[in-house]
Every structure is written in C-alpha cells, then in structure tokens.
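Biologist: I'd like to learn how to read a sheet, strand by strand. Can you walk me through one?

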Amino acid sequence: MIGVELIKLVRRPRTWVSVILTCALPFVVAVFIAVTHLTPPPGQGSAFLSAVLASGALYPAAALALVLPVFLPVATAVVAGDSIAGEAAAGTLRYLLVRPVGRTRLLVAKLISVTSYVLLVVIAVTVTAYATGVLLLGPSRAGAAARAVGPGATQVPGVAGPTAGVAAGGGAITSLSGTPLSLLQLAERTAGAIAFIAVSMLGVAAIALFLSTVTTSALGATLGALAALVASEILVTLNAAAAVQPYLPTRYWLAWIDFFRDPIFWRNIDRGFGIQAVYVAVFLGAAWANFSTKDVTA
Amino acid sequence: MIITRALTKRYGAVEAVRAVHLDVREGDRYGLLGPNGSGKTTLVRMLLGLVYATSGEIEVMGRRMPRHAREVLQQVGALIEEPAAYPHLSGRANLALFDAAGPRGRSPGRSRRRRIDEALEQVGLAGVGRRPVKAYSLGMRQRLGLAAALIRGPRLLILDEPGNGLDPRGIADLRELLIGLNRNGVTVFLSSHLLAEVEQLCTRVGVLDSGRLVLQQDLASLRAPTGRILLDSPDADRVCALLDGQVERRDGQRLLIRSADPAGLNARLVGAGLRVRSIGPHRRTLEEVVLSVTGTGADHIGGAS
C-alpha cells in the first residue's frame with residue numbers, strides 16, 4: 001500500500017507542478033538580485049537574503065526562508081488535506097477499503113506519502129537554490145552570513161549580533177556568529193535546517209490529515225489547516241497571548257536559522273522539534289481515532 | 001454465504017436499516033430490491049465493513065464482519081454505487097494500483113498483467129488501450145468497475161446497482177457475465193431498483209422497504225402458477241357463459257379463470273366450438289409481488305392523509 005501511495009504521488013501531475021512553482025520563486029528572486037545587485041538591508045526582508053550577494057552558497061538557506069512562510073505550508077496542506085478527503089470525494093476510498101486495505105494502514109501510507117512529498121519539495125528547493133546561487137550570485141566572498149539575519153529575527157537577542165562578523169579566511173562562509181564555516185559544516189547545517197523545516201511541515205500535514213478524515217471536501221481540510229496556521233501566526237506576534245505562545249505550532253518555525261550560528265544554538269531548535277512532535281502525535285492520533293471508527297458513506 | 005441477524009443501522013433519529021435477517025446461500029444469484037431510499041446501499045455498505053452496524057450481526061462466508069474483514073474481503077468483489085477511478089490514469093493503471101494496494105498485492109508483474117487482461121476481457125474492455133479514465137463513457141467506467149471487482153477471482157460478488165449507466169446491450173452483457181460466473185461457483189448478490197433486471201437474472205430475491213426486509217424468497221416459488229388461467233379469446237362472452245362462476249375477472253377479451261389445468265380447459269373450450277387466441281397459467285409478475293409488499297418509496301413525499 002505504501003508503494004501504491006508513492007506511485008500515486010509520483011504519477012500525479014499536481015506533485016510536479018507544485019514542486020516546480022515552489023522552486024521557481026527563489027529562482028525569480030535570485031535573477032532579480034543578480035541583475036540589480038540590490039538586497040534588503042541587514043535585518044530587513046527575508047532571512048539570509050542580505051548576505052547572498054556575498055556568498056551564493058548561502059542561497060539555499062535564503063531560498064528556504066523565502067518559501068517557508070507561505071509556499072511550503074500551502075503545498076503541504078494541499079497534499080495532506082487531499083489525502084483522505086480527496087479519495088472520499090472521488091469515490092476511490094470505498095474501493096480501497098474493500099480491496100481490503102486496513103484503515104490504519106491506509107492512514108500510515110498517506111502519512112508516508114505526505115512526508116515524502118514534503119522532503120521532496122524541501123530538498124528540491126535546496127538543490128535548485130544552490131545551483132542558482134552558485135551560478136547567478138557567484139562563489140562565496142568573505143563576511144557573508146554575519147549580516148544575514150537582523151536582531152529579533154529569531155527572538156534570541158544576544159546571539160545574532162547585529163554587527164558584522166569579520167571573515168577569517170578568503171572564500172570562506174561565515175556563520176551568523178561571525179566565525180567561518182567550512183563547506184562541509186555548511187552542508188551539515190543545511191541538512192539540519194532541511195530536517196527541521198520538514199518536521200515543521202509535518203506538523204501542518206498532521207493537522208490537514210486529521211481534517212481530511214473529518215470532511216469529504218479536500219478544499220475544506222486544506223483551508224482549515226491553513227486557517228490554524230494563520231491564527232497561530234497572529235497569536236505569535238501578540239504580546240497579550242504570551243502565555244500560550246510556547247505551544248503554538250508556528251512559534252519555533254524560524255528556529256532552523258539557529259543552525260547557522262556557531263556553535264549551533266540548540267535551545268529553540270530542540271523546542272521546535274518537541275512542539276512539532278506533540279502536534280504530529282496528537283493530530284495523527286485524532287485522525288486515526290476518527291477514521292478507524294467512522295462510517296464511510298462517500 | 002451472507003447471513004445477518006437483526007441487523008440495524010441508525011443515523012441519528014433515522015433508522016436506515018431495521019432488524020434485517022438476510023440469508024444469501026452459496027450459489028445464489030440474489031437480488032435485493034427496494035425503492036430508492038429503502039436502505040439498500042446502507043445494507044450493502046454494512047456487509048462490506050464500510051458502515052458500522054448500530055446493532056445486530058453480520059456473517060459473510062461463515063466469518064463475522066467487520067471483525068474478519070481482512071480475510072473475508074479478499075474473496076469478495078464489490079461495486080458500490082458508482083464505479084470510481086483515478087481520472088488521469090488509464091484503466092489498466094487503475095486496475096494495477098487497485099490490485100497492488102491490498103493484501104498479497106506484491107504479485108509478480110506478469111501474473112498481474114494476465115489477471116488485468118482477463119478481467120478487461122470479461123467485461124468487454126479488452127481493446128481500451130491507454131486512454132485515461134476521464135475520457136471514458138459512463139458505460140465504460142461501469143465496466144471498469146466490474147473489472148476491478150473481478151480481478152482477484154472472488155467467490156462472492158456484491159454489486160450495488162450494477163446496471164447503472166449501461167445501455168441495453170451492456171445490461172445484456174452484464175447478465176450473461178454474471179450468469180456465467182455464477183455457473184462457475186461465484187455467488188452473486190446485487191441490489192437494484194430495476195425489477196426487470198432482477199427478474200431476468202436472479203434466482204432469489206429480497207425486498208427492502210423503509211429499512212425492513214419485507215420479503216425473501218426464491219424467485220421460482222414467487223412466480224409459481226397462482227392456480228388461475230389467463231385466457232384470450234374472441235368468443236369471451238360465450239366462454240363466460242360456459243364457465244359461469246369460474247371467471248374471476250374480465251378485461252375485454254381477456255379472462256382470468258379459476259382453474260389449474262390450462263390444457264384441460266383448452267380442450268373443453270375447443271370441444272365446445274370456442275376459439276382460443278392464447279391460454280396459459282397465470283403467474284404474478286415480480287412487479288405485482290413487490291408492489292404488494294412495499295409502501296410508497298422514501299422519496300415519495302405525500303401529503304397528510
């Protein structure tokens with residue numbers, strides 16, 4: 001069943017259209033920057049974008065920061081929201097269940113399919129952004145990343161200093177803390193960021209998957225999950241809601257930036273992984289409880 | 001093959017299926033009849049473990065459902081309301097995905113291809129090619145749905161309104177296919193609101209009305225002679241005079257006569273010099289039987305009476 005779900009994912013045109021569109025945004029941004037040599041001033045605009053002219057190798061991080069707020073969650077919510085509700089609306093759900101495919105098994109297969117999709121998108125963005133960055137923005141120059149993220153971007157004052165770090169060696173990439181990073185270190189940290197972002201998206205996917213078992217409208221499930229994210233984003237910026245902020249799904253979304261500090265600043269990364277694990281467990285549990293006991297009348 | 005005991009399904013305040021005792025025997029071609037909204041689809045879905053019963057028991061092939069769904073459903077082919085397929089894939093690709101999804105789905109490619117070819121051949125779609133399903137006609141989709149039901153060589157077929165969307169030719173094909181499968185030992189259970197379809201195909205019928213099973217009987221015994229004779233004669237007046245008291249009903253030249261021996265009656269009439277256009281034992285049509293045991297359909301909203 002898992003193989004079947006992956007085949008369905010791969011053979012569906014939507015999968016590739018969404019991947020291409022998601023990769024296209026950072027590409028378009030890179031073209032503009034390469035042509036105009038204008039980047040946002042440090043501390044403004046999307047994270048890392050101010051530094052990419054200095055080092056094209058940092059562009060994957062900038063690209064992830066570009067697609068994280070909207071493109072990635074929307075793509076994830078569309079695929080996860082469609083997973084059960086879409087089958088129900090098309091009528092194929094009842095045929096799968098009498099084939100028979102166990103309901104728990106179907107849910108697990110859908111989860112694996114959605115996870116694969118998220119990884120596919122994130123990795124595709126990273127790879128295309130690396131190629132774009134190196135080709136369009138050129139190889140790395142000194143002092144790249146230190147100005148990349150302004151203060152407050154991760155709400156950890158004192159770690160990301162607003163002052164520019166001085167690059168130690170020519171051609172090296174500097175961390176946000178100003179120390180140089182080797183290419184291997186950069187690769188490791190990018191991998192860490194990919195994992196963190198993928199897990200954050202799994203939190204979104206779990207919410208959408210749960211809603212997908214509740215309704216037969218894929219659109220409803222997708223928009224429901226996005227509504228939850230928007231609500232979370234609003235509360236995250238609201239001082240009056242400080243009491244609940246540590247438990248909001250989007251609270252630690254930007255913590256992956258901490259992978260690019262030296263040494264890696266683990267506190268928010270750990271919390272981010274933790275909160276997403278809770279969301280995934282709770283909503284998958286709810287999805288399972290609902291789906292395995294409900295009458296399939298669609 | 002299928003036994004239910006006091007099977008009941010309640011949706012909120014509505015009882016869709018009420019205390020149904022279904023008994024489908026091995027080798028039957030069982031037709032479940034009933035007006036729209038009488039609970040046929042809900043009953044079928046409960047048999048397949050899609051909808052959970054409020055109370056009562058279901059046994060399919062001697063095993064309790066839905067507890068043993070995994071073992072039982074492997075031997076069941078099903079068509080539930082409309083067929084469904086992934087529209088951007090070909091019929092063949094759909095069948096392959098469907099086949100691979102379930103238990104023992106990892107069969108070698110060659111055996112799967114052979115089974116797909118066989119199933120498509122059986123339903124008359126052998127030459128369909130690589131067209132995506134979204135380009136199929138309604139009848140082709142119905143045939144594809146049937147192919148999916150047949151692909152694993154089921155012992156029991158559960159078909160909900162299998163004739164939907166088929167043209168007369170398609171319905172005749174379907175009948176022939178199901179009778180052939182039945183001859184090879186497949187039990188067929190189908191629901192329909194088309195009396196003619198059931199009358200020509202089935203050996204046993206059940207009638208559902210407002211969620212109750214109001215009739216369950218072999219078709220042959222339902223359609224046994226009623227002990228009356230149907231006579232058509234241009235000399236109807238003189239027949240009435242001759243058979244005074246035996247004539248139950250008269251409609252122009254057609255008479256309904258109380259007597260169980262058409263041959264004897266014919267000889268007597270001809271002996272008396274009366275002409276006979278047609279004569280034969282009177283049987284109730286399935287329609288008369290069904291109408292006599294059912295009320296108005298659930299989609300008939302009458303005024304207060």
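Biologist: In which sense do strand 8 and strand 9 of chain B pair, and over how many bridges?

Modeller: Start with the general idea: strands of a sheet pair through backbone hydrogen bonds, either parallel or antiparallel. In this predicted model, strand 8 (residues 156–160) and strand 9 (residues 187–192) of chain B pair in the parallel sense, with 5 bridges.

Biologist: Okay, and what is the strand order of the open sheet in chain B?

Modeller: Read across it and you get 7-8-9-4-10-11, so to speak a list of 6 strands by DSSP number. The pairing is mixed. At the edges sit strand 7 (76–79) and strand 11 (212–218) of chain B, each pairing on one side only. Neighbouring strands here are turned against each other by 15° on average, ignoring direction.

Biologist: Which strands does strand 4 of chain B pair with in the parallel sense?

Modeller: With strand 9 of chain B, there are 5 bridges in the parallel sense. Strand 10 of chain B also pairs with strand 4 of chain B in the parallel sense, over 4 bridges. For landmarks, Leu32(B) has Ser191(B) as its bridge partner in strand 9 of chain B, while Tyr30(B) stands opposite Arg204(B) in strand 10 of chain B.

Biologist: Are the residues of strand 4 of chain B buried or exposed?

Modeller: For burial, count neighbours: a residue is buried if 20 or more other C-beta atoms lie within 10 Å of its own. By that count, 5 of the 5 residues in strand 4 of chain B are buried. Now check the directions: Arg29(B), Gly31(B) and Leu33(B) point one way, Tyr30(B) and Leu32(B) the other, and all are buried.

Biologist: What lies across strand 4 of chain B?

Modeller: That's helix 11 (residues 286–293) of chain B, which also lies across strand 10 (204–209) and strand 11 of chain B. Its angle to strand 10 of chain B is about 35°.

Biologist: Zooming out, how far apart are the centres of the domains of chain B?

Modeller: The domain assignment gives domain 1 (2–222) and domain 2 (228–282) of chain B. Their centres, taken over C-alpha atoms, are separated by 45 Å.

Biologist: And how many helices and strands does chain A have?

Modeller: Chain A has 9 helices and 2 strands, in the order α-α-α-α-α-α-β-β-α-α-α from the N terminus on. Of the 298 residues in chain A, 51% are buried.

Notes
Residues numbered from 1 in each chain as written. Chains lettered and ligands numbered in written order. Predicted model: local features only at pLDDT ≥ 70, side-chain atom pairs only at ≥ 80, totals over all residues. Domains from an automatic or database assignment. Pairing = 2+ DSSP bridges. Axes fitted to C-alpha atoms, helices over the stretch in contact; angles between N-to-C directions. Contact = placed C-beta atoms within 7 Å. Buried ≥ 20, exposed ≤ 12 C-beta atoms within 10 Å, placed from the backbone.
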